Amino acid sequence: MRTPLYVHIPYCLKKCGYCDFFSKPSDSVPSEYVSAVSRQVEYLAREFCVEEWKSVYIGGGSPSLLSAKNLELLCESIKAAATISANCEWTIEMNPGSISRELLGAADACGINRLSVGIQCKNQKVLDAIGRSATVAQIKEAAELLKKIWPHEWSADLIAGLPFQTKEDIARDIDFIDRNGANHISLYSLTLEEGTPLAKKIESGQIPYDEEAAEELWLYGRDLLEGRGFMQYEVSNFARPGFESKHNSAYWAQESYLGAGAGAAGTIYALPEGWRYTNVLDAAEYIKFWSEEGGANQEASQNQNVRAALGFPCQLEALDQDTQEFEYLMMNLRTRRGASAAEYKARYSKDLAARLGFARDKNCLQAQDAGRKPKGFTDQKGAAAWLERTERDGDAFYAMTREGLLFLNKFLEEL
């Protein structure tokens, strides 16, 4: 098996005001957790006959809270479990406030060749409003350090539509990241998750917020990025040609992958039934199980039944053919590449044009009435275009239009 690997480090200095992901406040990553993850990686590689890691992504949380020594131990365990592919993209997420020369040196020595840096915004008033731990000064220092000593690629995360954020902030932040050498930028639109501190403050009126203005900020940022040569290859991801994320692209292409760490997920796509597991959302319980007295000493299961094979605490979800088929559409339509008719036919024995409601004699799928018509864009005939078809290498690809991507969720609901 040749597969991507995701490793979750749930620890972070503090939870940001907008975040509803599983995380645990801490100023460091316990060595016991690193040992536990290493044991699960070994177990997964053995259990699923992994010969090669196609890509590796260490996310969080804040993986940059790992000490240099623990990062080395973690990476060595990953390399010991299976071969690293020759062109493996190995990414680690880093918070600007915890980037150091020592950690960057350790990452380089371990074989990590890509960083994902969570900048979000370079305006202190905005950072304070959303509860970010990194300061503007730390963001500047981190970028300078990357430019001086980091020999590989790095990507930056930005969020558009934050409280108190302006177009000037978006333009300055994109320029800052571009000038400091990033060839990939993830531009997310703020999602107000129910129950988060930021959502509560906005609902109570403590922090002013204009949803329409927030949407305009994202559109403004998208246009600026494209003007600088960053291609939108997925809903929220922009890259110069050749610098797209290989690991994340595997998710969008519906490739199977494995996940290690508390809260990490893994998915195996197979017909007629696939499955997805999510590791226990409790770091202490996770460490306890994967201790020397726990799961690490289990022999690899010889039972081919998937449920019997997963000998560790997790939630298990069965993925029937209809679920996998819809996930194929949901993930592939996130990308500008789109969904392949030939691939869809081979996997699900269905006609993609018919599934999408696409007339064979047309090159774009149009909204049929004013209620469905997305505001602000039309095709040459004045009808809103959701989706377009292109022919490449003897195959038909169906992709959301540039503006249609803004209405992807609505389109998927209709499907």
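Leaving aside neighbours within four places in sequence, which residues is Ala250 in contact with? The first legend answers this.

**View 1. Ala250 in helix 9.** Ala250 sits in helix 9 (residues 246-252). Helices are DSSP runs of H or I with at least four residues, strands are runs of E with at least two, and both are numbered from the N terminus. Setting aside neighbours within four places in sequence, Ala250 is in contact with Pro4 and Glu255. Contact means heavy atoms within 4.5 Å. The C-alpha atoms of Ala250 and Thr3 are 9.2 Å apart, though 247 residues separate the two along the chain. Is Ala250 buried or exposed? Ala250 is buried, because its relative accessible area is 3%. Buried means under 20% relative accessible area, exposed over 50%, and partly exposed in between, with a 1.4 Å probe and protein chains only.

This is a predicted model, where local features need pLDDT of at least 70, side-chain atom pairs count only at pLDDT 80 or more, and totals for chains, interfaces and linings use all residues. Residues are numbered from 1 along each chain as its sequence is written, and side-chain values use heavy atoms, with hydrogens and water left out.

**View 2. The protein chain as a whole.** The protein chain holds 15 helices and 18 strands. Of its 415 residues, 52% are buried. Take the contacts between residues at least 6 apart in sequence: 70% of them join residues at least 24 apart.

**View 3. Glu89 in strand 5.** Strand 5 (residues 83-94) contains Glu89. Glu89 counts as buried because its relative accessibility is 7%.

**View 4. The nonpolar cores.** A nonpolar core is a set of buried Ala, Val, Leu, Ile, Met, Phe, Trp, Tyr and Cys residues joined through side-chain atoms within 4.5 Å. The largest has 77 residues. Which of them touch the most other members? They are Trp53, Ile58, Leu71, Ile112, Leu115 and Trp154. Helix 1 (residues 31-47) gives the most to this core, with eight residues. Not counting residues up to four places away in sequence, Ile112 touches Ile58, Leu71, Cys75, Trp90, Ile92, Ala107, Trp150 and His152. A second, separate core has 20 residues, among them Val235, Phe358, Leu387 and Leu408.

**View 5. Helix 6 against helix 8.** Helix 6 (residues 167-179) packs with helix 8 (residues 211-227) at about 30°, and their axes are 10 Å apart. The pair is therefore roughly parallel. Axes are lines fitted to C-alpha atoms, for helices over the stretch in contact, and angles run from 0 to 180 degrees between N-to-C directions. Angles under 35 degrees count as roughly parallel, over 145 as roughly antiparallel, 65 to 115 as roughly perpendicular and the rest as oblique. Lys167, Ile170, Ala171 and Ile174 of helix 6 meet Leu217, Tyr220, Gly221, Leu224 and Leu225 of helix 8.

**View 6. Helix 12 against helix 13.** Helix 12 (residues 321-332) and helix 13 (residues 341-348) pack at an angle of about 165°, with axes 11 Å apart. Helix 12 is therefore roughly antiparallel to helix 13. From helix 12 come Gln321, Gln324, Glu325, Tyr328, Leu329 and Asn332. They meet Glu343, Tyr344, Arg347 and Tyr348 in helix 13.
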